[in-house]
Amino acid sequence: MTPGDMFAQIGSIVASIMFVWAMFKQFFPHQLSHQIEKYYQRLVTLIYPYIQITFHEFTGERLMRSEAYSAIENYLSSKASTQAKRLKADIGKNNQSLVLSMDDHEEVADEFNGIKLWWASGKHTSKSQSLSYHPMTDEKRYYKLTFHKSNRDMILGTYLNFVLKEGKAIKVKNRQRKLYTNSGSYWSHVVFEHPASFQTLAMDQDKKKMIIDDLVTFSNAGEFYGRIGRAWKRGYLLYGPPGSGKSTMIAAMANLLGYDLYDLELTAVKDNTELRKLLIETSSKSIIVIEDIDCSLDLTGQRRKKKEEEEEKDPKEKQSRMQERDARNSQVTLSGLLNFIDGLWSACGGERLIVFTTNYVEKLDPALVRKGRMDKHIELSYCGFAAFKVLAKNYLNIESHYLFGTICEMLKKTKITPAEVAEHLMPKTASRDAEFYLKSLIQALELAQEEARVKSEEDARKIEASSEQDSHWTESDSPAKANGKSENYT
């Protein structure tokens, strides 16, 4: 006998009892019927030993979609695809796959720790009158869970928590991730589709593994952060010359963890209040990025006066220019940014990475990049041989070549970024083989070496000329030279 047939028989019995009870209440005194009702409830409990819980799609006064309903829908998607006879299909992640779910009035079974239970989907339909006097149909869907009363504690505790957790995890896995940017205090977004991954990232393998392990450990450490009393966040500082792969690294981090990206433009933020508002509106499982932090704002709070402003004689003109400058510039302060990444407001949301990038790490305020704020400092430097091999595999699909040895030795002596190397390895025409592009890279390395040699010689000449000039001034300014006399020391 199937669960549906069993429920139908039990329902028929209960309906008969309810009919008899209704007739009884009409012909017997109220006091007697009240006493009998107690025994009736016990009898129904003995005959129907199952408990039902209904999860409505919309709850609350504002009729917001229930998170529990969404989690259950995601959890039952795999059950529905194998058990349900009628399914609903929708477009899933990246518009390239179908997501299946139970159709209305379908039922699937589940098992948890040896306990059998059933999920059924349902729909309430009601009609309401619109302003145009045309009836409108209002549909309210729900899921109903049925289980034996002897398993109440297990289902209400462990099982439902398991369903909600699994459903939320499936939602995160299947969701379409987004790239946000701010205009003032508001976020706008596009679909995030960057293809970067750590597998294709040009850098040393050991360093790459260290970063991956750190990111994965962080994403699984929610209970740990709660136990030690810290906000579930981690700061990364990526620094190195332009073209060393900082932005690509961020995209690879987002793809590895499945996080959304928030590209925060500080110069578009009016003040610290707007900054806090932006933070509150970010979601968990996200990466907040501030690129080129060294030139985003004057975060030291120092007001440097321009030379032309100091020489201005017209006070009105000076005041007008200063007012125009203040209206144009952001008023975000260093203390406001520190509170954003490490203060009370930083705990809003949870499970977030905060990433700064800079080309000149020495320019940053030490308070901004200390441990605890920027926990991980990662240098992305010039291209080494390990990074070159990754690029050769990516662009030319080769893992070895007789020219690799020459390139390895030249990379040890030459400063060239991965972006520059990639440009020379990028196939331009289908008729060229890998050797052509490797030789093109070698020529670029030779040119870079020659330019570095010339620059070094010019710097040496400038230093020598500066030393001779300093020596000349020192001799001409001596007291003996000034008096036109020489002194003898005994």
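**Aromatic rings and their surroundings**

Modeller: Both tyrosine 180 and tyrosine 262 are buried, where buried stands for a relative accessible area under 20%, exposed for one over 50%, and partly exposed for what lies in between, computed with a 1.4 Å probe on protein chains only. Before going further, please note that this is a predicted model, in which local features need pLDDT of at least 70 and side-chain atom pairs count only at pLDDT 80 or more, while totals for chains, interfaces and linings use all residues. Residues are numbered from 1 along each chain as its sequence is written, and side-chain values use heavy atoms, with hydrogens and water left out.

A search of the whole structure finds 15 aromatic pairs; rings of Phe, Tyr and Trp (its six-membered ring) count as a pair if their centres lie within 6.5 Å, and the pair is called stacked with planes under 30 degrees apart, edge-to-face with planes over 60 degrees apart, and tilted for the rest. One of these pairs joins tyrosine 180 and tyrosine 262, which are stacked, at 4.3 Å centre to centre and with 5° between the planes. This pair links distant parts of the chain, since tyrosine 180 belongs to strand E9 (residues 178-183) and tyrosine 262 to strand E12 (residues 260-263), 82 residues apart; helices (H or I, at least four residues) and strands (E, at least two) are DSSP runs, numbered from the N terminus.

Phenylalanine 218 and tryptophan 232 form another aromatic pair, a tilted one, with 6.2 Å centre to centre and 55° between the planes. Here too distant parts of the chain are linked, with phenylalanine 218 in helix H5 (residues 205-219) and tryptophan 232 in the loop between helix H6 (222-228) and strand E11 (233-239), 14 residues apart. Phenylalanine 218 is buried, because its relative accessible area is 3%, whereas tryptophan 232 counts as partly exposed because its value is 23%. Elsewhere, ring pairs link Tyr75, Phe112, Tyr159 and Phe162 into a cluster.

Some rings also have a charge over the face, a term used if NZ of Lys or CZ of Arg is within 6 Å of the ring centre and within 35 degrees of the ring normal. Lysine 277 takes such a place over tyrosine 186, at 4.4 Å from the ring centre, and lysine 363 lies over the face of tyrosine 360, at 4.5 Å from the ring centre.

Phenylalanine 436 counts as partly exposed because its relative accessibility is 36%, and its C-alpha atom is separated by 9.8 Å from that of histidine 424, 12 residues apart along the chain.

Asparagine 113 has a positive phi of about 50° although it is not a glycine. For background, most residues other than glycine have a negative phi. Asparagine 113 is exposed, because its relative accessible area is 58%, and its C-alpha atom is separated by 9.2 Å from that of methionine 154, 41 residues apart along the chain.

A pocket is found on a 1 Å grid over the protein atoms alone, as an open set of points with protein on both sides within 12 Å along at least five of seven lines, and lining residues have an atom within 4 Å of a point. The largest share of the lining, 8 residues, comes from H4. Of the 28 residues that line this pocket, the closest to its centre are Lys168, Ala169, Val172, Lys285 and Glu351. The lining divides into 8 nonpolar, 7 polar and 13 charged residues, where Ala, Val, Leu, Ile, Met, Phe, Trp, Tyr, Cys and Pro count as nonpolar, Asp, Glu, Lys and Arg as charged, and the others, Gly among them, as polar.

Notes:
On a 1 Å grid over the protein atoms alone, a cavity is a set of points where a 1.4 Å probe fits but cannot get out, and a pocket is an open set with protein on both sides within 12 Å along at least five of seven lines; lining residues have an atom within 4 Å of a point.
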